[in-house]
Amino acid sequence: MEGFEWLKPSVVLGSILYAVIGVLVFWISFVIIDKLTPYKLWEEIVEHKNMALAVVVAAMCLSIGQIVAAAIHG
């Protein structure tokens, strides 16, 4: 039964909680960065097809995701 420790309810609920916290931190950081920039990121990427900005935002998203994952993992 030692191989199925990840199926325990406390482990599953803890993982779900950390995932929700990670998504919230990621979303809040994206909103803050969007407010700090002189234009709306989503509008600039979607409506104006600014590919360079899309690449920068993608790199930012990956970086924030790694930071959140490292903070949660310990």
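This is a predicted model: local features need pLDDT of at least 70, side-chain atom pairs count only at pLDDT 80 or more; totals for chains, interfaces and linings use all residues.
Residues are numbered from 1 along each chain as its sequence is written. Local features need pLDDT of at least 70, side-chain atom pairs count only at pLDDT 80 or more, totals for chains, interfaces and linings use all residues, and side-chain values use heavy atoms, with hydrogens and water left out.

**Exercise 1.** Work out which elements the protein chain has, and how spread out the chain is.

*Solution.* Start with the elements: three helices and zero strands. Both are DSSP runs, helices being H or I with at least four residues and strands E with at least two, numbered from the N terminus. Next, take the radius of gyration, 17 Å. The globule rule gives 11 Å for 74 residues, so the chain is more spread out than a compact globule. That radius is taken over C-alpha atoms, and the rule is 2.2 Å times the number of residues to the power 0.38. Last, the C-alpha trace spans about 55 × 20 × 20 Å along its principal axes.

**Exercise 2.** Classify S10 and I32 as buried, partly exposed or exposed.

*Solution.* Recall the cut-offs: buried is under 20% relative accessible area, exposed over 50%, partly exposed in between (1.4 Å probe, protein chains only). S10 has 57% relative accessibility, so S10 is exposed. I32 has 47%, so I32 is partly exposed. I32 lies in helix α1 (residues 9–36), and S10 is found in helix α1.

**Exercise 3.** Find the distance between S10 and S63 in sequence and in space.

*Solution.* In sequence, S10 and S63 are 53 residues apart. In space, C-alpha to C-alpha, they are 29 Å apart.
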